[in-house]
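Dear colleague,

Please find below the structure that I am handing over to you. My notes on its side-chain contacts follow directly after it.

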Amino acid sequence: MTQWFSDTFPNVVYQGWTGDTGWWTSIVQTLYMTFWSAIFGGLLGLIFGIGLIITAPNGIAPNKWTFWIFDKIVSIFRAVPFIILLAFIAPFTKLVVGTQIGTTAALVPLALGVFPFYARQIQVALSEVDSGIVEAAQAVGASFWDIVFGVYLREGRSEIARVSTVTLISLIGLTAMAGAIGAGGLGNMAIAYGYNRFATDTTLVATLLVLIFVLAVQLIGDYLAKKLSHK
């Protein structure tokens, strides 16, 4: 079996498991970029998503100008292709992390690239919360934060789990794209050591690993969404 694998995937074996260009290193880099950019981008997206809901004309704290600012910021960032965003915010990335190259440097554009998508997803998820429940909470004198955490986030938790899954899968794709321009990870493995060197087997295995990550996220996300559902 080992001999068959070596003969069938010679370039995969040549890359090795450890070292700067090893498979384990690429896997860890992909997980690192996905996790931290999901944390930072997710928090930013959650803040903007909640802001869009509560400051909307029919929100619990309607504010025309605040809603307009949130909406335009999200729309502008969503309109910028990720590759262009990488280059455009390079000076800001260097200011934040001290470098424009590498896995850590990729966290800044990844977080800024995923947050507007997640913000819109959160906006849609929370807009499906029964308005009657919100009105009932207001009628009994619930505070602003009670409604945000106790009604919107609590009642919308199943949908939030679903949209978080979709966003995380999209983010995995962005990490592969960032890796393709030198940020490391499986994207870098597939392009730099696969496609550019005509090593089809390396590209194939890197792609399969990304698909495994996506499938794992989808399964876990579906389980959590079902678990958190009121039904």
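R120 is buried, as its relative accessible area is 16%; buried means under 20%, exposed over 50%, and partly exposed in between, computed with a 1.4 Å probe and protein chains only. Please note that this is a predicted model, in which local features need pLDDT of at least 70 and side-chain atom pairs count only at pLDDT 80 or more, while totals for chains, interfaces and linings use all residues. Residues are numbered from 1 along each chain as its sequence is written, and side-chain values use heavy atoms, with hydrogens and water left out.

R120 and D71 meet through their side chains in a salt bridge of 2.7 Å, N to O (a side-chain nitrogen of Lys or Arg within 4 Å of a carboxyl oxygen of Asp or Glu). Because R120 lies in helix α7 (residues 103-127) and D71 in helix α4, this pair ties together parts that are 49 residues apart in sequence. Helices are DSSP runs of H or I with at least four residues, numbered from the N terminus. D71 is buried as well, at 17% relative accessible area. A salt bridge also joins D71 to K72, with 4.0 Å between the closest N and O atoms, and K72 is partly exposed at 35%.

E159 is partly exposed at 27%, and R162 is partly exposed at 39%.

Turning to the aromatic residues, the count comes to eight aromatic pairs. Rings of Phe, Tyr and Trp (its six-membered ring) pair if their centres lie within 6.5 Å; planes under 30 degrees apart count as stacked, over 60 as edge-to-face and the rest as tilted. Among these pairs is W65 with W68, which is edge-to-face at 6.4 Å centre to centre and 75° between the planes. Both tryptophans lie in helix α4 (residues 64-79), three residues apart. W65 is exposed at 59%, whereas W68 is partly exposed at 47%. The rings of F144 and W145 are also edge-to-face, with centres 4.9 Å apart and planes at 85°. Finally, ring pairs link F48, F70, F77 and F115 into a cluster.

Yours sincerely

Methods
Helix = DSSP H or I, 4+ residues; strand = E, 2+ residues; numbered from the N terminus.
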